[in-house]
Amino acid sequence: MIKFKITVLALILSFTTSLVNAQEVKTLGALEFSPEGVLFAGDNVSGAIHAFDLSAEKKSADKFEINVYNVDAQVAAVLGTSAGNVQINDMAVHPKSGEVYLTVTRGHGIDVLPVLIKVNAENQLQIVDLVTVKKTTQTLENLPDGSQGFYLRGTMAPPTIKEIAKSKLPMRMLSIMDMEYYKGELFVSGISNEDFSSALRRMPYPFNGKESISNVKMYHIAHDQYETRAPIRSMLVKNIDGIDQMVAAYTCSPLVLIPLNEIKDGAQVKARTIGDMGNGQPIDMVSYNLQGNEMLFVTNNSRMPQVMPLAGLSNAKVVTDADFKRGAKMDLTGEIPYGPMGLPVMFAGSSLQIDVLNENQLVSLTRDALTGSLDLETVMAMFPNKMNLFFAELDFPAFYKDKKKLKEKIKNKS
Amino acid sequence: MTKFCFNCILFFLMISSLGTVAQSVLELVLPKHLDDVIKLDSSTISNEMEEIFWDDHLAVFVENEAKVYTSNKAIQGEYTKDRNYLIFKPYYPFENGMNYIIRTKSVNSEDYSYQSFLIEKKKKVANAKVINIYPSANRLPENLLRFYIYFNTPMKKGEALKHIALVDAEGNIDQHAFMEFKQELWSGDGKRLTVLFDPGRIKRGVVTNSLLGPALQKDKQYHLSISSTWQDVYGQQLSETLQKKIEVVKAYRTKILVNEWIMEKPEANSRGVLTIHFDRIMDHALIQSMIQLKDRKGNQVAGYWQILEAEQQVQFISEEKWNKGKYQIVIDTRLEDVAGNNLQNLLDHNKTDEGNSDTYQCIDFKI
């Protein structure tokens, strides 16, 4: 998630230099691993994607959990700064070692430094040396420059500082929203410098300097309109209805399918809208196996995570404006959630970033709702709620004595 | 851990056999700039000590508000060791205004020592520049002793003579014009530098004077050049290279003669000024502290001195009206002219010349 702490001027300044040397790592944001262990990291400021070769990493322990509480403060400590001076941008699990990687921004304004952190099997934080790690870089074309901000979308009152700060975030920071590696290619969602800005890029890996850029249009159920600007927030490639398709989630929160064979250079792709999770902003999406069924787990900064069976996306009805009565759809107006969107699942706190840690567990970057702490924690895939963290009847020692007595009573009766 | 203890024992045996025990407080070289390293005197750390133990001897933490650092994670960085120091370079530079704690431990000790440091936030300062050079006159005596150079910001020390040069009319730089000191003559705030001509070149009968002659020669022209390559302590270069013209006139070869000063007295009951015309150019820094004005009771008159006419004149601005009656100007006999001669003697007086031994010399006058 991008925080709105960066000043516009600062970014404009850094962009002017970034264009000179795009090979340099300036910021690290969105993350994606290839199955071989190549880590792709989006660099919005440089306007590039860096591929770090971490394929030599091996599993150091058979089974382990990752639990690092106040992870932002811990990252700050090893970087020699305070928690307020670090932002954790994304998280990914290494497909071979099972260890967790975090992209971090240290500082604000023009003094930002990119950081890549490994959280190893012993839950220790290790800074990855960006100078010595083997990397290749693909520079992206047609990116927004650093000067353009967003429309100050008002509420009824005069705009708040938070609203103004959001409007001043350079569009450039949305250049690379999510990446998906699939069969030797990297797919990148984000925005371009065009008015039809929602962009889906694809490029071969190893990089050869070439990319294809297509624009994506989709029908947004909750907003009741066709949208061409706002980017795909999170996506995965899945074989649905016999073809490889991108499953993509947007803000407020439609889910669409895009056949990969339609993603061509210069194409204006019409995505198939198949559902809407309800208003909110999806952040991350992962697929996992739940008792033999493949499920999608979609995190959201304003809703509970949505868990949907992948099977439900097959033969899903593709909707258009013709399928709904006119007007925006709100949570209470009854039309959304719409489609095969599964169910929201209880989660203690807000799961921001999510990935599969092992066959039974997920690892989540979680914002604790009560303390505000940012925690890297392992949750059960089947039962990710950490309900034991709440105070309930079950926390009272006497409860268990009663339970025991009751059991004995039942035993004696029978 | 066992390895560490084994090393400890070995080391302890080694130092015990020498009959000396290394001190537990180790010398630390603290960082002054954000990308500096931290160095720990490694004289007590054996060369064979394995790298994995280095961070036990030297670790750096961010000091949090609760001053709890032992439970914190150490800042990560690169350790190296040379003959004298164990060196820690953090992967990411230190930050301004952040409190850090360094934890150290010598080999023969089980206890850690702690030392904190802070790299102050840089203050925004105006562009570095020279604001004044004294003497301010261009016509200066052959035996000129010093320049005072005033800056608007503290300058980097220890490199003054790389940036200051005395250049003759043909453009030749006199490499030996100024005295080289191990410690340059800076004011406490780092904004005023005193540059002394090599006195050996000025004093008659001294070897360097005989060999090289005076740095400034009568009737010739020079300039004092202060190069823009000079940086202030914040790393800002001077805004421009500055050149002060010098025309050399006859050397000052007499003691300061108070009798030759000309005084213009104010009217009684007026707010006029008292003016003193010197017989020569006086030392700018000393005038300010070595001349006093007293009333007939011997009390200092409220007011201040103003230095005018390129240090050849002073005026006393009284805060009150002048009374009719006696006044006295009290001059410290150590007051110097720009050639270092004072009221007691010449800079290059003969050893046998004892000069004026009075501490003060007075000028009485009536209004």
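Me: Which residue just after H2(A) takes a positive phi?
Reply: This is a predicted model, in which local features need pLDDT of at least 70, side-chain atom pairs count only at pLDDT 80 or more, and totals for chains, interfaces and linings use all residues. Residues are numbered from 1 along each chain as its sequence is written, while chains are lettered from A and ligands numbered from 1 in the order in which they are written. Helices (H or I, at least four residues) and strands (E, at least two) are DSSP runs, numbered from the N terminus. Just after H2(A), the residue with a positive phi of about 75 degrees is A:Gly80.

Me: How many of the 9 residues of H2(A) are buried?
Reply: A residue is buried if 20 or more other C-beta atoms, placed from the backbone, lie within 10 Å of its own, exposed if 12 or fewer, and partly exposed in between. The buried residues of H2(A) include A:Val71, A:Asp72 and A:Leu79. H2(A) is largely enclosed by the rest of the structure, because the number of its residues that are buried is 8.

Me: Which strand of chain B do the buried residues of H2(A) pack against?
Reply: Within chain A, these residues pack against strands E4 (86-93), E5 (100-106), E6 (113-119), E7 and E25 (374-380). From chain B, the strand they pack against is E3 (58-62).

Me: Which element gives the most to the side of chain A that touches chain B?
Reply: Two residues are in contact if their C-beta atoms lie within 7 Å, and here the contact takes 11 residues from chain A and 11 residues from chain B. Strand E7 (125-127) and H2 of chain A each supply at least two residues of the side that touches chain B. With 4 residues, the element that gives the most is H2(A).

Me: How many residues of H4(A) are buried?
Reply: Helix H4 (residues 397-413) of chain A reaches 25 Å from its first C-alpha to its last, close to the expected 24 Å, a span taken as 1.5 Å times one less than its number of residues. H4(A) is hardly covered: among its 17 residues, the count of buried ones is 0.

Me: Which residue of E10(A) is the bridge partner of A:Glu180?
Reply: Strands E9 (residues 178-182) and E10 (residues 185-191) of chain A run antiparallel and are joined by 5 bridges; two strands count as paired if DSSP finds at least two bridges between them. They form a hairpin with 2 residues between them, and A:Lys183 in the turn has a positive phi of about 45 degrees. In E10(A), the partner of A:Glu180 is A:Phe187.

Me: Which strands stand at the edges of the open sheet of chain B?
Reply: In chain B, 4 strands form an open antiparallel sheet in the order E16-E17-E20-E19. Each edge strand has a single partner strand, so one side of each is left without a neighbour in the sheet; these strands are E16 (262-264) and E19 (303-308).

Me: Which residue of E20(B) is the bridge partner of B:Ile276?
Reply: Strand E17 (residues 274-277) and strand E20 (residues 313-318) of chain B pair in the antiparallel sense over 4 bridges. The partner of B:Ile276 in E20(B) is B:Val314.
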